[in-house]
Amino acid sequence: MKSRCKISMTKRIFTTLWVLCLACKLGFGQDMVLSGTVKDVQGSPMPGVAVLIKGTTLGVVTQNDGTYSLSMGQADKDAVLVFSFLGFKTQELKWNGKTVIDVTLEEERQELEGVEVDRIFAPATFPTNAEAQLVGVASDIIFSVTVWVE
């Protein structure tokens with residue numbers, strides 16, 4: 001009778017320890033997942049926005065519907081998220097352990113001071129209405145202009 005009670009007590013202790021270990025693994029071993037949506041000021045979803053953890057190489061790009069999902073891993077609760085997209089102001093937000101962060105990006109308007117023509121490509125002969133193409137560079141933006149020559 002004593003040995004049966006001993007086995008039963010050993011099973012209970014083993015089972016209790018196993019359950020505690022499993023609870024610790026499930027409760028503390030999971031990475032936090034941050035998700036959200038990035039939109040412009042009109043409320044349209046923005047695909048292709050870079051979402052990065054500042055100071056690391058960890059990041060994602062928003063989907064076609066503007067949503068993202070980023071595994072924060074063991075990131076510090078004070079981690080800073082950087083949302084950037086060409087032509088829009090970059091936003092930096094503190095994570096603070098949140099699971100959902102929705103962002104609205106504003107357009108960044110810049111005016112060009114001038115245009116510098118780099119080269120002109122034209123046919124060897126200029127018949128009437130010949131098309132010449134001007135290609136230039138202005139503030140790191142490459143553009144093309146088509147001009148009709150009479």
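Reply: Strand β1 (residues 32-40) and strand β7 run parallel and are joined by three bridges. One of the residue pairs across them is K39 with its bridge partner in β7, T104. Strands here are DSSP runs of E with at least two residues, and helices runs of H or I with at least four, numbered from the N terminus; two strands pair if DSSP finds at least two bridges between them. The model is predicted, so that local features are described only where pLDDT is at least 70 and side-chain atom pairs only at pLDDT 80 or more, whereas totals for chains, interfaces and linings use all residues. Residues are numbered from 1 along each chain as its sequence is written, and side-chain values use heavy atoms, with hydrogens and water left out.

The two strands belong to an open sheet of three strands in the order β4-β1-β7, with mixed pairing. β4 (67-73) and β7 (103-105) are the edge strands; each has a single partner, so one side of each lacks a neighbour in the sheet. From one strand to the next the twist averages 35 degrees, with axes fitted as lines to C-alpha atoms (for helices, over the stretch in contact) and angles taken from 0 to 180 degrees between N-to-C directions.

T99 is found in the loop between β6 and β7, and its C-alpha atom is separated by 7.3 Å from that of M32, which is 67 residues away along the chain. Apart from neighbours within four places in sequence, T99 is in contact (heavy atoms within 4.5 Å) with M32, V33, L34 and S35. T99 itself is partly exposed, at a relative accessible area of 43%; buried means under 20%, exposed over 50%, and partly exposed in between, with a 1.4 Å probe and protein chains only.

Packing can be followed from the nonpolar core. The largest such core has 17 residues, and V38, L81, F83, I101 and L105 are those with the most contacts inside it. A core of this kind is a set of buried Ala, Val, Leu, Ile, Met, Phe, Trp, Tyr and Cys residues joined through side-chain atoms within 4.5 Å. At least two residues come from each of β1, β2, β4, β5 and β7, and β4 gives the most, with three. Not counting residues up to four places away in sequence, L105 touches residues including V38, K39, D40 and V41, and also F83, F85, F88 and K89.

Y68 and F83 form an edge-to-face pair, with 5.8 Å from centre to centre and 70 degrees between the planes. Because Y68 lies in β4 and F83 in β5, this pair ties together parts that are 15 residues apart in sequence. Rings of Phe, Tyr and Trp (its six-membered ring) pair if their centres lie within 6.5 Å; planes under 30 degrees apart count as stacked, over 60 as edge-to-face and the rest as tilted. Both partners are buried: Y68 has 5% relative accessibility, and F83 has a relative accessible area of 0%.

β5 (residues 80-84) has pairing of its own, being antiparallel to β2 (residues 50-53) over four bridges, with L52 opposite V82. Four bridges also join β5 to β6 (residues 91-94), again in the antiparallel sense, and here F83 stands opposite Q91. β5 and β6 form a hairpin with six residues between them, and G87 in the turn has a positive phi of about 90 degrees.

K89 connects this region back to the end of β7. Its side chain meets that of E106 in a salt bridge at 3.8 Å, N to O, the term requiring a side-chain nitrogen of Lys or Arg within 4 Å of a carboxyl oxygen of Asp or Glu. E106 lies in the loop between β7 and β8 (116-121) and K89 in the loop between β5 and β6, 17 residues apart. E106, at 43% relative accessibility, is partly exposed, and K89 is likewise partly exposed at 40%. The salt-bridge count is two; E92 forms another with K54, at 3.0 Å between the closest N and O atoms.
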